[in-house]
Amino acid sequence: MTSGVVEVAFEEGVHVIRLSGDVRLNLCSTLERYVDEFLAQGHFHNVMIDLSAAEGIDSTTLGQLAKISILCRERFDITPTISSPNEGITRILLSMGFDQVFHIVDNEIEDDGRFERWAADAVDEECAREQVIEAHKVLMSLNHKNEETFRELVDTLEAGR
């Protein structure tokens with residue numbers, strides 16, 4: 001698998017976040033920084049997550065994606081869209097309850113060459129632990145199965161604070 005990459009574009013009021021390669025915890029600070037910026041600014045009418053080039057995605061990243069949708073829905077009454085033509089990734093999204101907080105489509109988002117690559121920030125161990133805890137709590141809030149799946153992990157990480 002290739003290393004993960006976060007690319008972003010803003011076109012006609014739509015934020016597009018493209019996640020490529022193997023998307024893991026090390027990209028979460030990059031993703032979080034971009035999302036914090038556009039949520040603070042407002043002035044958009046949709047958010048699209050493009051997973052068409054994603055080879056793998058970990059649960060921490062999934063939690064951050066769920067957080068994006070929850071915040072967009074609460075603050076702006078917007079339900080973001082995920083483009084996921086990869087059946088394996090779509091199966092994971094559905095098993096986590098993403099169909100409750102996203103529109104999920106299987107068509108690819110056109111690449112018009114306007115994407116900008118966002119560099120990852122260095123994250124210390126404590127910050128990474130907090131990101132993992134928060135992301136998994138968001139996943140746990142989506143459904144009972146997720147709560148059972150991630151309860152032990154969250155409890156263990158919180159005990160290590």
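Predicted model: local features only at pLDDT ≥ 70, side-chain atom pairs only at ≥ 80, totals over all residues.
Colleague: Which residues line the largest cavity?

Modeller: Rolling a probe the size of a water molecule over the atoms shows where empty space is left. Searching the whole structure turns up one cavity of 30 Å³ or more. Around the largest cavity sit Leu31, Glu32, Val35, Asp36, Gln64, Lys67, Ile68 and Leu71.

Colleague: How far apart are the end C-alpha atoms of α1?

Modeller: Start from the expectation: at 1.5 Å a residue, the 14 residues of α1 should span 20 Å. The model agrees with that, because the end C-alpha atoms of α1 are apart by 20 Å.

Colleague: What do the buried residues of α1 pack against?

Modeller: The buried residues of α1 are Cys28, Ser29, Thr30, Leu31, Glu32, Tyr34, Val35, Phe38 and Leu39. They pack against β1 (5–11), β2 (14–23), β3 (46–50), α2, β7 (116–118) and α4 (125–142).

Colleague: Which residue follows α1, and what is its phi?

Modeller: Most residues other than glycine have a negative phi. What comes after α1 is glycine 42, and its phi is positive, near 70 degrees.

Colleague: Which members of the largest nonpolar core touch the most other members?

Modeller: In soluble globular proteins, nonpolar side chains tend to be buried together. Here the largest nonpolar core holds 41 residues. Touching the most other members are Ile17, Ile49 and Phe98.

Colleague: Is glutamate 12 buried or exposed?

Modeller: Glutamate 12 sits in the loop between β1 and β2. Its phi is positive, about 55 degrees, although it is not a glycine. With a relative accessibility of 68%, glutamate 12 is over the 50% cut-off, so it counts as exposed.

Colleague: And aspartate 77, what is its relative accessible area?

Modeller: Aspartate 77 belongs to the loop between α2 and β5 (81–83). Its phi is near 55 degrees, a positive value in a residue other than glycine. Aspartate 77 is exposed because its relative accessible area is 71%.

Key. Residues numbered from 1 in each chain as written. Heavy atoms only, no water. 1 Å grid on protein atoms, 1.4 Å probe; cavity = no way out; pocket = protein on both sides within 12 Å on 5 of 7 lines; lining within 4 Å. Points joined across faces, edges and corners; volume = space filled by probe spheres on them. Helix = DSSP H or I, 4+ residues; strand = E, 2+ residues; numbered from the N terminus. Expected span 1.5 Å × (residues − 1). Buried < 20%, exposed > 50% of the residue type's maximum accessible area, 1.4 Å probe, protein only. Contact = heavy atoms within 4.5 Å. Core = buried A, V, L, I, M, F, W, Y, C linked by side-chain atoms within 4.5 Å.
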